Amino acid sequence: MIQKIIDIGHNTLNTIATFGRAFLMLVGALCAAPKIKNVRLTIQQIYVVGVQSLLIIIVSGLFIGMVMALQGYTILVNYGAEGSLGPMVALSLLRELGPVVTALLFAGRAGSALTAEIGLMKATEQLSSLEMMAVDPLRRVVAPRFWAGLIAMPMLALIFSAVGILGGHLVGVDWLGVDAGSYWSIMQATVEWDKDVVNGIIKSIVFAFVVTWIAIFKGYDAIPTSEGISQATTQTVVYSSLTVLGLDFVLTALMFGIN
Amino acid sequence: MTTRKTELMVGLFVILTIAATLLLAINVANKGLASDDQTYTLYAKFDNIGGLQPRSAVRVGGVTIGRVDRIYLDPEDFTPVVVLQISSQYNTFPDTTSVAILTSGLLGEQYVGLQPGFAFDDPYILANGDYIEDTKSALVLEDLIGQFLFSRDSE
């Protein structure tokens, strides 16, 4: 009985300590004065997490847009409202699917890679060697990756939404025969730049922050064995997916729920 | 060499993002002129245009023959003027043609319906820049209900 209570206390303290370490890592990485050299490193990392994720983002955006147009059309056509296909596709992509699906794909494609990379650096004691050479690994390794994720993911989300709307156009207009003018005109009449597009961008910046933070911290905090790294990689994907979905509800309620 | 290639790819990535943003900004929040085929312009004055938007369709018997180019308020008599861009393929409407703002479906979008009039012996054919005289405004539900209630009261 007492042991049970001890376990609960132990777990609570551990969790709090983990949050503390995660926060300290973030502060250490971000509160350092930026150097010209680190900009180079950040660009290098944008290439790794951003450019190399482009293909999966574009392909999934295209197909999600196409599927939404197909599904939306079969329902809307019953009410003779297939002209509303444009705003349906555009609003769901800009407000929800763009930021959320991009964040989930990003966690799987780039987040897991970040965790594995930093975890292996730790396991092979590269991080310790950097410290021995008086190079701060937080500034040299962690900070560029963090900034790269924070910059690249909102860009990917924008590309995702744009490609998805074009995919919806491909299916809805070119295949199913919705009028091209009403697809675009009702979309333009419905979608507001500052309410829908900008809120979507804000969402994806928040998701980028969370996903990249989790990915890097899990790698940085991994148990330096091959088993520990595999565990950390799995945790990255699971935790960031759950956090993104939970946060999405909160953000949606804040942005669109209460008037 | 690898750095140059990386920077090139990141540059392309940025350009792609800007293109996506422009697409969202221009096509989703504003309008761009899409059609490049030959068109001519007709004007129509309405009392009330309801929910008509620029780029709404112009139809004759359900066939789309043009688009609403823009909508503005006549500064002299404060009536809305709708500028219709109609494909040059259909350039033989007589001046007895009437134009109405209709709704597709029960709750669908609004469009401009052209009703070609009877062509007498020597009809005047509407040409670029002409006004269509015979117009019917959009149905406004509140007005309809008001009329209905008024006619019930007077009975």
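Predicted model: local features only at pLDDT ≥ 70, side-chain atom pairs only at ≥ 80, totals over all residues.
Chain B contains two helices and eight strands. Following the sequence of chain B, the elements come in the pattern α-β-β-β-β-β-β-β-β-α.

Let me turn to the packing of chain B. The chain has 155 residues, of which 23% are buried. If one takes the contacts in chain B between residues at least 6 apart in sequence, 62% of them join residues at least 24 apart.

Next, helix α2 of chain B, residues 141-154. Is this helix buried or in the open? The number of buried residues among the 14 of α2(B) is zero, so the helix lies largely in the open. Its length can also be checked.

I come now to the contact between the chains. Chain A contributes 30 residues and chain B contributes 30 residues. Which elements of chain B supply at least two residues each to the side that touches chain A? They are α1, residues 2-29, and β3, residues 63-73. On that side of chain B, α1(B) gives the most, with 15 residues. Sorted by class, the side of chain B that touches chain A comprises 14 nonpolar, 11 polar and five charged residues.

Conventions. Residues numbered from 1 in each chain as written. Chains lettered and ligands numbered in written order. Contact = placed C-beta atoms within 7 Å. Helix = DSSP H or I, 4+ residues; strand = E, 2+ residues; numbered from the N terminus. Nonpolar A, V, L, I, M, F, W, Y, C, P; charged D, E, K, R; others polar. Buried ≥ 20, exposed ≤ 12 C-beta atoms within 10 Å, placed from the backbone.
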